[in-house]
Amino acid sequence: MSSAIIMSPTVSGQTLEESFRSRGYVDVTEMCPDISVSLMYARDDNFTGKVMYDGINGAWLHPDAAKAVVKAQEELAKLMPGCHLLIKDAARPMSVQRKMFNAVKGTSKANYVANPAKGGGLHNYGLAVDITITDSNGNELDMGTPVDHLGVEANIDREEQLVRRGVISENARQNRLLLRRVMKHAGFSTIRTEWWHFNIVSKARAREKYKLLDF
C-alpha cells in the first residue's frame with residue numbers, strides 16, 4: 001500500500017503490542033470478547049488517508065480505561081441485548097501521534113489532532129477511546145456521521161438542531177444518546193466535537209497520575 005506509514009518495532013525490539021503489554025496495558029477484547037475492534041488507523045480509510053500503525057489487532061488501554069469499557073458493554077447488553085461496542089481507536093504511543101500530526105500539519109485537519117509538542121492527548125496515555133455501537137449482525141448503528149468525520153455534523157451540542165435541519169435523523173440522535181448513556185454509566189466523559197470520543201480522566205489527572213506512552 002503506497003500511502004502506508006507502517007509502525008515498526010520499538011527501539012527495544014518489541015512489537016507495538018508487546019510494548020503495550022510490557023507496560024501493563026491490556027487488550028480489552030481479552031477481558032470481554034463481546035467488545036469488537038476495527039482500528040481505523042491500521043487502515044488508510046481514515047481522515048489522514050494513511051496507515052498510522054500496523055501489526056496490531058486488539059484495542060489496548062490502561063487497565064483503568066479497559067475496565068470501564070467492559071462496564072459500558074455490560075450496561076449496553078442490558079439496555080440493548082445483542083448490541084456490541086466497537087472500538088475504532090484506543091491507546092496511541094507518541095511516535096504514532098507525531099506521525100498523525102505531521103500527516104495533517106498545516107491543514108485544517110490539524111485542529112482535530114492533539115499536538116505532540118504540547119503533550120499530545122489522552123489517547124497517548126491509553127485513557128481515551130474512539131467507539132461506536134454495532135447491532136447483532138455486526139452493522140454499525142446510524143450515528144449521523146461516520147467515526148472520524150470532521151465537521152459540525154459530529155458535534156454533540158448541536159444534535160437537536162441537526163435533526164431539525166434534516167442533517168442527521170432522530171434515530172441517529174437516539175443512537176448517540178445511547179452510546180453516551182452507557183459510556184457515562186462507566187465513568188467516561190465526552191468532548192464537544194466528536195460523538196465517538198470518550199475520556200476516562202481529565203488531561204490534568206492523566207499528567208498527575210499516569211505515564212505518557214512515549215515510545
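Which residue of β7 is the bridge partner of Asp 130? The partner is His 197. This pairing belongs to a predicted model, in which local features need pLDDT of at least 70, side-chain atom pairs count only at pLDDT 80 or more, and totals for chains, interfaces and linings use all residues. Residues are numbered from 1 along each chain as its sequence is written, and side-chain values use heavy atoms, with hydrogens and water left out.

Helices (H or I, at least four residues) and strands (E, at least two) are DSSP runs, numbered from the N terminus. Five strands form an open sheet in the order β2-β4-β5-β7-β6, with mixed pairing. The edge strands are β2 (36-37) and β6, and each pairs on one side only. Two strands count as paired if DSSP finds at least two bridges between them. Strands of a sheet pair through backbone hydrogen bonds, either parallel or antiparallel. Strands β4 and β5 run antiparallel and are joined by five bridges. Within this pairing, His 84 has Thr 134 of β5 as its bridge partner. Three bridges join β5 to β7, and these strands are also antiparallel. Here Val 129 stands opposite Phe 198 in β7.

Two helices pack on the sheet. Contact means heavy atoms within 4.5 Å. Axes are lines fitted to C-alpha atoms, for helices over the stretch in contact, and angles run from 0 to 180 degrees between N-to-C directions. Helix α3 touches β4 and β5, and its direction makes about 145° with that of β4. Helix α6 touches β4, β5, β6 and β7, and its direction makes about 130° with that of β5.

Strand β5 was then examined for burial. Buried means under 20% relative accessible area, exposed means over 50%, and partly exposed lies in between (1.4 Å probe, protein chains only). Seven of the seven residues of β5 are buried, so this strand is largely enclosed by the rest of the structure. Both faces are covered. Ala 128, Asp 130, Thr 132 and Thr 134 lie on one side, and Val 129, Ile 131 and Ile 133 on the other.

Helix α6 has 16 residues. From its first C-alpha to its last, α6 reaches 22 Å, close to the 22 Å expected at 1.5 Å a residue. The expected span is 1.5 Å times one less than the number of residues. Buried residues of α6 include Ala 172, Leu 178, Leu 179 and Val 182. Their cover includes α3 (63-79), β4 (84-89), β5 (128-134), α5, β6 (189-190) and β7 (197-199). After α6 comes Gly 187, with a positive phi near 105°.

The structure holds 11 salt bridges. A salt bridge is a side-chain nitrogen of Lys or Arg within 4 Å of a carboxyl oxygen of Asp or Glu. Arg 173 forms one with Glu 160, with the closest N and O atoms 3.8 Å apart. This pair links distant parts of the chain: Arg 173 is in α6 (residues 170-185) and Glu 160 in α5 (residues 159-164), 13 residues apart. Arg 173 is buried, at a relative accessible area of 16%. Glu 159, Arg 176 and Arg 180 are linked in a network of salt bridges.

Another salt bridge joins Asp 214 to Arg 98 (3.1 Å, N to O). Asp 214 lies in the segment after α7 (203-209) and Arg 98 in helix α4 (residues 94-104), so the pair ties together parts that are 116 residues apart in sequence. Asp 214 is partly exposed, at 48% relative accessible area. Arg 98 is partly exposed too, at 36%. Arg 92 and Asp 89 also meet in a salt bridge (2.6 Å, N to O), and both are buried.
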